[in-house]
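Please keep the sequence and the structure at hand while reading.

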Amino acid sequence: MGILEKIAEIEREISRTQKNKATEYHLGLLKAKLAKYRAQLLEPSKSAGAKGEGFDVMKSGDARVALIGFPSVGKSTFLSLMTSTESEAASYEFTTLTCIPGVIEYKGANIQLLDLPGIIEGAAQGKGRGRQVIAVARTADVVIMMLDATKGEVQRELLEKELESVGIRLNRPKPNIYFKPKKGGGLSYNSTVPLTHCSEKLVQLILHEYKIFNAEVLFREDSTPDEFIDVIVGNRVYMPCLYCHRIHRTLASQFKYALVWGTSTKYSPQRVGLTHIMEHEDVIQVVKK
């Protein structure tokens, strides 16, 4: 059985296992196995063309921002508008086939903006150019997630699931757990707060799944088994994520007027029409018919 089949089998087992006190150890072990197989799946290929043309982009500037989204949600248009970089845009899917970098200059800082090919469902398992896209996303300091206005919540949920499965944690702090493998002495298990998710037995079972029999573990918060597994694996990436506001294409036809605060107006707020030209850092509130 291949890795993909093992991952699918464990996911099915987790979904049909009812979560309660009697099954918490079983679910903890399943999650530990799942994390191991997903880590193996993301290991770089030894074949010559593993990275893929256009994905080996050198990190530059003061920060790196990755544009993440499904195909044809406006990433290329956003890059072209925000930078001097031209990224091909079209109404059909998969226009962008490589990683295209651009630079935004803001208050003396150079921000590298990456237009990544659209993620499709199953990217974490290697569909499309999923592995390359996700590998680049892991090197970013911030993710901007672009969503289709008509499918926003569905796309957001799917994208978060894909990123979660490859160790990218969005808008979440690193678990406050001290973990250190030792050469001997067994398991030292302590906590500074009451724990409701991870008992000593469960922690021991998860560690044994990773062939760790001697370690110091100190919980400084009431963490879940998933968060403890993240600490053991040690390759998780924690980064902020911004969700572009979902602006529907019918907004212009339904526009009544807008209130603007900022330097483009004589007073704040000022009522304006569609022809008003905004300036940088202006704030706008749109009123529809």
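In which helix does Ala 137 lie? The residue belongs to helix 4, which spans residues 130-137. The model under discussion is predicted.

**The chain as a whole**

- The secondary structure of the chain consists of seven helices and 13 strands.
- Of the 289 residues in the chain, 37% are buried.
- Among contacts with a separation of 6 or more, 66% are between residues 24 or more positions apart.

- Beyond residues up to four places away in sequence, Ala 137 touches Ala 66, Ile 68, Leu 116, Ile 168 and Met 239.

**Packing of helix 1 against helix 2**

- Two packed helices are described by the distance between their axes and by the angle between those axes.
- For helix 1 (residues 3-16) and helix 2, the axes come within 10 Å and cross at roughly 155 degrees.
- Angles over 145 degrees count as roughly antiparallel, and helix 1 and helix 2 are therefore described as roughly antiparallel to each other.
- The crossing of helix 1 and helix 2 is left-handed.
- On the side of helix 1, the contact is made by Ile 3, Leu 4, Lys 6, Ile 7, Ile 10, Glu 11, Glu 13 and Ile 14.
- On the side of helix 2, the contributors are His 26, Leu 27, Leu 30, Lys 31, Lys 33, Leu 34, Tyr 37, Arg 38, Gln 40 and Leu 41.
- By class, this contact of helix 1 with helix 2 comprises 10 nonpolar, two polar and six charged residues.

**Packing of helix 2 against helix 6**

- Helix 2 (residues 24-41) also packs with helix 6 (residues 200-209), their axes coming within 9 Å and crossing at roughly 30 degrees.
- Angles under 35 degrees count as roughly parallel, and helix 2 and helix 6 are therefore roughly parallel to each other.
- Helix 2 passes helix 6 in a right-handed crossing.
- The residues that make this contact are Glu 24, Tyr 25, Gly 28, Leu 29, Ala 32, Lys 33 and Lys 36 of helix 2, together with Lys 201, Leu 202, Leu 205, Ile 206 and Glu 209 of helix 6.
- The contact of helix 2 with helix 6 divides into six nonpolar, one polar and five charged residues.

- Within helix 7 (residues 225-233), the buried residues are Pro 225, Phe 228, Ile 229, Asp 230, Val 231 and Ile 232.
- The elements covering these buried residues include helix 2 and helix 6, as well as strand 5 (168-170), strand 6 (177-181), strand 8 (215-219) and strand 9 (237-239).
- Gly 234 follows helix 7 and has a positive phi, near 80 degrees.

- Ser 165 is located in helix 5 (residues 152-165) and is buried, with a relative accessible area of 11%.
- A polar atom of the Ser 165 side chain lies 2.7 Å from the backbone oxygen of Glu 162.
- Glu 200, in helix 6, has a relative accessibility of 43% and counts as partly exposed.
- Neighbours within four places in sequence aside, Glu 200 is in contact with Leu 187 and Tyr 189.
- Leu 187 and Glu 200 are 13 residues apart in sequence, with a C-alpha to C-alpha distance of 9.1 Å.

**Backbone geometry in the loops**

- Most peptide bonds are trans, and most residues other than glycine have a negative phi.
- The peptide bond from Ser 268 to Pro 269 is cis, with omega near -5 degrees.
- Pro 269 is found in the loop between strand 11 (255-261) and strand 12 (270-272).
- Lys 107 is not a glycine but has a positive phi of about 50 degrees.
- Lys 107 is in the loop between strand 2 (100-106) and strand 3 (109-115), and counts as exposed at 70% relative accessibility.
- Lys 211, which is not a glycine either, has a positive phi of about 60 degrees.
- The loop between helix 6 and strand 8 holds Lys 211, which counts as exposed at 66% relative accessibility.

Methods
Residues are numbered from 1 along each chain as its sequence is written. Side-chain values use heavy atoms; hydrogens and water are left out. Axes are lines fitted to C-alpha atoms, for helices over the stretch in contact, and angles run from 0 to 180 degrees between N-to-C directions. Helices (H or I, at least four residues) and strands (E, at least two) are DSSP runs, numbered from the N terminus. Angles under 35 degrees count as roughly parallel, over 145 as roughly antiparallel, 65 to 115 as roughly perpendicular and the rest as oblique. A crossing is left-handed if the near helix is turned anticlockwise from the far one by less than a right angle, and right-handed if clockwise. Contact means heavy atoms within 4.5 Å. Ala, Val, Leu, Ile, Met, Phe, Trp, Tyr, Cys and Pro count as nonpolar, Asp, Glu, Lys and Arg as charged, and the others, Gly among them, as polar. Buried means under 20% relative accessible area, exposed over 50%, partly exposed in between (1.4 Å probe, protein chains only). A polar contact is a pair of N or O atoms within 3.5 Å; within protein, one must be able to donate a hydrogen and the other to accept it, and residues adjacent in sequence count only if both atoms are side-chain atoms.
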